[in-house]
Each structure stands twice: as structure tokens, then as C-alpha cells.
Amino acid sequence: MAYLIFNLIAFLIALFAFIFGAVKLFKPKKPLYFKLLICSVGCYALAQLSGLVYLWCDMINGVWTWMLGIFGCGMFLVSANYGAYDSLVDDGTFLKARREALAAPLVFIIMIIVIALLWRKTSIFKAIMLVVMLGPSVPASYFSLKHLLLPMDDFGLLKGTRSCDILQLAFFSAALINAVLLYFSAGTAEGIIELFISIVLCLLTFAAIKGETIWRT
């Protein structure tokens, strides 16, 4: 019952964050970067809703479709950081930041391998699903850490996204911890970490709104 309550609260926080962020940022001429961050929050809200349905209907051992929500969340974060935005803040000359930023994906790859080996004992299918679910954390963590290590760009874009990068790294780290707790069926602990993730993504929403304001000034 405690796990269900934690999940319900986590869902409501994520839903509030998505709706609030969408109202503030899903408007013409608002930067795509921040819109994609809000989309990632929406994906997590859907994942929590799916998890609630599984718990309520006692389908916890079924196929975990909620993983698609986490995967979508990660993919939106990758999309936000890769491409046009990255090329604006990194002109290719900051080799030290690029090398040091490789530490993040390396750690995430090792952790994902450990998680896959753990879950392989229970279900190869679920082990594969978890690898897919956590896969976006590898490139996303690289870009987030790199953007934190880069010196301030000429346009001041990084000033508006530093806190977003920190919160994205916190989200991916918490998702890895949750995958481990899930293996050990640590119900209450899982609920707490999922609540923590929702709070992190709620903070990410506010950081995105503040960052957009900084970009406009």
C-alpha cells in the first residue's frame, strides 16, 4: 500500500510539472530545447500512470510497458542536448571538456552492464528491456556533463541550462538506482526513489522555465 501511495504522489507531481511546463513553454517562438525538456517530464508522467495501473490491477509481473515512458523521457533529453544547441555552445575546440565528459557515459555503461547481469538471472527479456530503457542515459549524460564543463559561451546560453544539466544527471542516476531496487523488490525504497525522480523532474521544469527567461534577457 505504501508503494502505491508513493507512486500516486510521484505521478501527481510529474503530471503537475508537465502541465505547468507545457502552459509556460509550449508557445510559438519558445526555444525547442526547453520544450523537449518538458516533453521528457510528460513521458515520465505517462510511465508513472502505467505503473499505477499495473499496481492497481495486480499486474506487476506482466510486461513492463512503463519502461517505454522512461525510454521516451531519456530520448527527449538526448534530443534536447544533441544537435543545434550543442553546436552553439561547443565549437569543437574544447577538447579537455570533451575528454573529461566521457567519464559520465563510462560510469553509466558499467552500471547498465551490472544491472543487466543482475536481471539476466531472473528474466533475459526484462534485462534487455532495462538496457533499452536506460540506454539514452549514456549519450545524454555525456552532453550534460560536457555542457557543465564548458566555459561560458559567447551567447550566454549555458547560463540558462547549467541547472538543467545537473538535474538531468540526477534523473539518470536515480533511474539506475531504481533499476537495482526493482531487482531486489524493495517496494518502499522503490516508491521513495520514484518520488525523488518526480521531484527532480519537477525542479527540471522550473529550471527550464527560468532558463528560457535567462535566454530572453
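Is Ser198 buried or exposed at its relative accessibility? The structure examined here is a predicted model, in which local features need pLDDT of at least 70 and side-chain atom pairs count only at pLDDT 80 or more, whereas totals for chains, interfaces and linings use all residues. Residues are numbered from 1 along each chain as its sequence is written, and side-chain values use heavy atoms, with hydrogens and water left out.

Ser198 has a relative accessibility of 0% and therefore counts as buried, a term that stands for under 20% relative accessible area, with exposed meaning over 50% and partly exposed the range in between (1.4 Å probe, protein chains only). Ser198 belongs to helix α10, which covers residues 187-216; helices here are DSSP runs of H or I with at least four residues, numbered from the N terminus. When residues up to four places away in sequence are not counted, Ser198 touches Ala10, Phe11, Ile13, Ala14 and Tyr44, where contact means heavy atoms within 4.5 Å. Between Ser198 and Met67 there are 131 residues of separation in sequence and 15 Å in space, taken from C-alpha to C-alpha.

Two packed helices are described by the angle between their axes and the distance between the axes. The axes are lines fitted to C-alpha atoms, for helices over the stretch in contact, and the angles run from 0 to 180 degrees between N-to-C directions. Helix α2 (residues 32-56) and helix α9 (residues 162-183) have axes that come within 13 Å and cross at roughly 25°. The two helices α2 and α9 are therefore roughly parallel, since angles under 35 degrees count as roughly parallel, over 145 as roughly antiparallel, 65 to 115 as roughly perpendicular and the rest as oblique. The crossing of α2 with α9 is left-handed, which means that the near helix is turned anticlockwise from the far one by less than a right angle, clockwise being right-handed. On the α2 side the contact involves Tyr33, Phe34, Leu37 and Tyr44, and these meet Cys164, Asp165, Gln168 and Phe171 in α9. The residues of this contact between α2 and α9 comprise six nonpolar, one polar and one charged; Ala, Val, Leu, Ile, Met, Phe, Trp, Tyr, Cys and Pro count as nonpolar, Asp, Glu, Lys and Arg as charged, and the others, Gly among them, as polar.

Helix α9 also packs against helix α3 (residues 66-81), at an angle of about 155° and with the axes 12 Å apart. This angle makes α3 roughly antiparallel to α9, and α3 passes α9 in a left-handed crossing. The contact is formed by Trp66, Cys73, Gly74, Leu77 and Asn81 of α3 together with Asp165, Gln168, Phe171, Phe172 and Leu182 of α9. By class, six nonpolar, three polar and one charged residues make up the contact of α3 with α9.

The structure holds zero disulfides, a disulfide being a pair of cysteine sulfur atoms within 2.5 Å. For Cys73, the closest cysteine sulfur is that of Cys43 at 6.4 Å, too far for a bond. For Cys164, the closest cysteine sulfur lies 13 Å away in Cys202, which is also too far for a bond. Cys73 is buried at 0% relative accessibility, and Cys164 is buried with a relative accessible area of 0%.
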